[in-house]
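Trainee: I would like to learn how to read a protein structure, one feature at a time. Could you walk me through it?

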Amino acid sequence: MKKMKLKELESCLQQVDVFEEPKLLLEQYPTRPHIAACMLYTIHNSFDDIENKLVADLGCGCGVLSVGAAMLEAGFCVGFDIDEDALEICKRNMDEFELKNIDVVQCDVCSLESDSVSKRFDTVIMNPPFGTKHNKGMDMQFLKTAFHMARTAVYSLHKTSTREHILKKAKDWNVKMEIIAELRYDLPASYKFHKKKSVDIEVDFIRFSMK
Ligand SMILES: C[S@@+](CC[C@H](N)C(=O)[O-])C[C@H]1O[C@@H](n2cnc3c(N)ncnc32)[C@H](O)[C@@H]1O
């Protein structure tokens, strides 16, 4: 089958519906189509970690990463999220694109540590909550679960300011860490008193490989 181009992927992902009433405490902001497309394209083309692979998307929200992975011909992609409203939108997106190689599970990612998911996925992809909304440490909880589930690699976004801490944790957990790209990420301003609509923060796109 003909390989999908980056522009083509990005323009499909622009049609993915996003959160209607984002929940602040769950850090519900969607990955922008341009960033999502670049992430997935790199995972697919540079590392061959999507096509025919079993992929998990932790904190899938409305599914921009899952939908993109399914379009790049993941063997199967499972999106996990705690929020049923987000998952409803995610299912709508799956239906609109007529994707059959994708499904969702409603659960708290932090309690997904049972044997039933241990090393069950080739690849884990995620844009986790950064742990900035009274949920400190949530980014690390997501990583811990991702390492538990992945056989080959985990791809994730993290605030650059946490890089040293993550490096140390990756070492403790015996996981190899590679910064693939440094991004400027526009986070929607979350409080009424914020004057700007969004704030730019520095974010690392990281690949972790299981040793
Ligand atoms: C930054 S958003 C990313 C959404 C989506 N993956 C994307 O890239 O557009 C983080 C997502 O994590 C979900 N989430 C937050 N805490 C969670 C938890 N404990 N378990 C599962 N999902 C959670 C939120 O509902 C939200 O959809």
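Mentor: Gladly! Let's begin with a single residue, E98. At 63% relative accessibility, E98 counts as exposed, because the cut-off for that word is over 50%. Keep in mind that this is a predicted model.

Trainee: Where does E98 lie?

Mentor: E98 lies in the loop between α4 (84-96) and β3 (102-106). Its backbone deserves a look too. Most residues other than glycine have a negative phi. E98, however, has a positive phi of about 55° although it is not a glycine.

Trainee: What is the phi of E73, and where is that residue found?

Mentor: E73 is not a glycine either, and its phi is positive, about 70°. You will find E73 in the loop between α3 and β2 (76-81); α3 is followed by this residue. With a relative accessible area of 31%, E73 is partly exposed.

Trainee: Let's turn to the helix, then. How many residues of α3 are buried?

Mentor: First, the general idea: an α-helix has 3.6 residues a turn, so residues three or four places apart point the same way. Now the case here: 8 of the 8 residues of α3 are buried, so this helix is largely enclosed by the rest of the structure. Among the buried residues of α3 are V64, L65, G68 and M71.

Trainee: Now a charged residue, please. Is E27 buried or exposed?

Mentor: E27 is buried, with a relative accessible area of 7%; the word buried applies because that value is under 20%. E27 lies in the loop between α1 (6-13) and α2 (33-45).

Trainee: Which backbone nitrogens lie 2.8 Å from a polar atom of the E27 side chain?

Mentor: One is the backbone nitrogen of F130, at 2.8 Å from a polar atom of the E27 side chain. The backbone nitrogen of G131 also lies 2.8 Å from a polar atom of that side chain.

Trainee: How should I read the ligand? Which residues are closest to it?

Mentor: Start with the shell. The ligand is surrounded by 21 residues, and the closest are T31, G59, D81, D108 and V109. Sorted by class, the shell has 13 nonpolar, 5 polar and 3 charged residues.

Trainee: How much of the ligand does the protein bury?

Mentor: Taken alone, the ligand exposes 590 Å², and the protein buries 98% of that. The space taken by the ligand is the largest pocket.

Note on methods
Residues are numbered from 1 along each chain as its sequence is written. This is a predicted model: local features need pLDDT of at least 70, side-chain atom pairs count only at pLDDT 80 or more; totals for chains, interfaces and linings use all residues. Side-chain values use heavy atoms; hydrogens and water are left out. A residue is near a molecule or strand if one of its heavy atoms lies within 4 Å of it. Accessible areas come from the Shrake-Rupley method with a 1.4 Å probe; for residues, only the protein chains shown count as cover. On a 1 Å grid over the protein atoms alone, a cavity is a set of points where a 1.4 Å probe fits but cannot get out, and a pocket is an open set with protein on both sides within 12 Å along at least five of seven lines; lining residues have an atom within 4 Å of a point. A molecule sits in a cavity or pocket if more than half of its atoms lie within 2 Å of its grid points. Ala, Val, Leu, Ile, Met, Phe, Trp, Tyr, Cys and Pro count as nonpolar, Asp, Glu, Lys and Arg as charged, and the others, Gly among them, as polar. Helices (H or I, at least four residues) and strands (E, at least two) are DSSP runs, numbered from the N terminus. Buried means under 20% relative accessible area, exposed over 50%, partly exposed in between (1.4 Å probe, protein chains only). A polar contact is a pair of N or O atoms within 3.5 Å; within protein, one must be able to donate a hydrogen and the other to accept it, and residues adjacent in sequence count only if both atoms are side-chain atoms.
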